[in-house]
Amino acid sequence: WNKEFLMKHIGNAHYQSGLPMPGQLAESFISSRNAFSSIDTMHQIVYAKFDQVMFGLPTSTPAEEIFRHLTLDHGLPYAEGTHWHTKFGHLVTYGGGYYSYLYSKAFADDVWHQGGFHKQALTNSDAGTRLWKTVLAHGGAKDPQDMLTEFLGRPPQVVGSAMTGNTTAGTD
């Protein structure tokens with residue numbers, strides 16, 4: 001979502017003509033980034049609520065009816081007879097960790113901005129190395145809050161609109 005990066009690494013030459021990507025095309029591509037992010041966020045909310053209902057208080061309502069109701073109540077299309085909820089593997093494998101998905105997007109936005117990635121080329125090895133050594137190299141061996149605090153120089157924050165999917169990462 002960085003024009004210079006797109007122009008250099010993705011749009012440097014058309015596969016047939018060899019011409020570089022026009023700057024306006026790169027800008028249009030970047031501006032379309034959040035075109036459907038609210039739909040994705042709503043899906044994540046429906047999945048989280050479905051998980052809460054299924055593993056909350058016992059109910060005699062069929063799972064398909066619960067999923068249908070939640071989907072439609074959140075303004076999303078529902079395809080009758082597909083039993084989509086039975087293909088939702090995270091429902092039984094993520095446990096409470098599933099809910100961290102939307103938070104991870106917000107923290108990634110915070111890292112993008114506070115870590116300075118939005119102001120410098122994405123190929124800056126100093127920033128990438130610092131992120132690797134401070135956060136990524138530890139895997140699950142250190143508390144994520146501690147690693148992010150060390151990297152950011154302050155506790156991580158759920159920044160503005162990042163939780164809504166309307167993040168500005170890569171647009172500054």
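Trainee: Is the crossing of α3 and α4 left-handed or right-handed?

Mentor: The crossing of α3 and α4 is right-handed, a label given when the near helix is turned clockwise from the far one by less than a right angle, with anticlockwise being left-handed. Bear in mind that this is a predicted model, where local features need pLDDT of at least 70, side-chain atom pairs count only at pLDDT 80 or more, and totals for chains, interfaces and linings use all residues. Residues are numbered from 1 along each chain as its sequence is written, and side-chain values use heavy atoms, leaving out hydrogens and water.

Trainee: What angle and axis distance describe the packing of α3 and α4?

Mentor: About 145°, with the axes 10 Å apart. The axes are lines fitted to C-alpha atoms over the stretch in contact, and angles run from 0 to 180 degrees between N-to-C directions. In contact terms (heavy atoms within 4.5 Å), V46, Y47, K49, F50, V53 and M54 in α3 meet A63, I66, F67, L70 and T71 in α4.

Trainee: What makes M54 count as partly exposed?

Mentor: Buried means under 20% relative accessible area and exposed means over 50%, with partly exposed in between (1.4 Å probe, protein chains only). M54 has 32%, so it counts as partly exposed. H83 is partly exposed too, at 36%, and has a positive phi of about 55° although it is not a glycine.

Trainee: And why is E80 called exposed?

Mentor: Because its relative accessibility is 54%, and the cut-off for exposed is over 50%.

Trainee: How do you know that E80 and R68 form a salt bridge?

Mentor: The term needs a side-chain nitrogen of Lys or Arg within 4 Å of a carboxyl oxygen of Asp or Glu. For E80 and R68, the closest N and O atoms are 3.1 Å apart, so the pair passes the 4 Å limit. E80 sits in the loop between α4 and α5, R68 in helix α4, 12 residues apart. E65 joins R68 and E80 in a network of salt bridges.

Trainee: What about R154 and D110, how far apart are their closest N and O atoms?

Mentor: 2.5 Å, and they form a salt bridge. R154 lies in the segment after α8 and D110 in helix α6, so the pair ties together parts 44 residues apart in sequence. Both residues are buried.

Trainee: How many salt bridges does the whole structure have?

Mentor: Five, one of them K142 with E150, whose closest N and O atoms are 3.7 Å apart.

Notes: Helix = DSSP H or I, 4+ residues; strand = E, 2+ residues; numbered from the N terminus.
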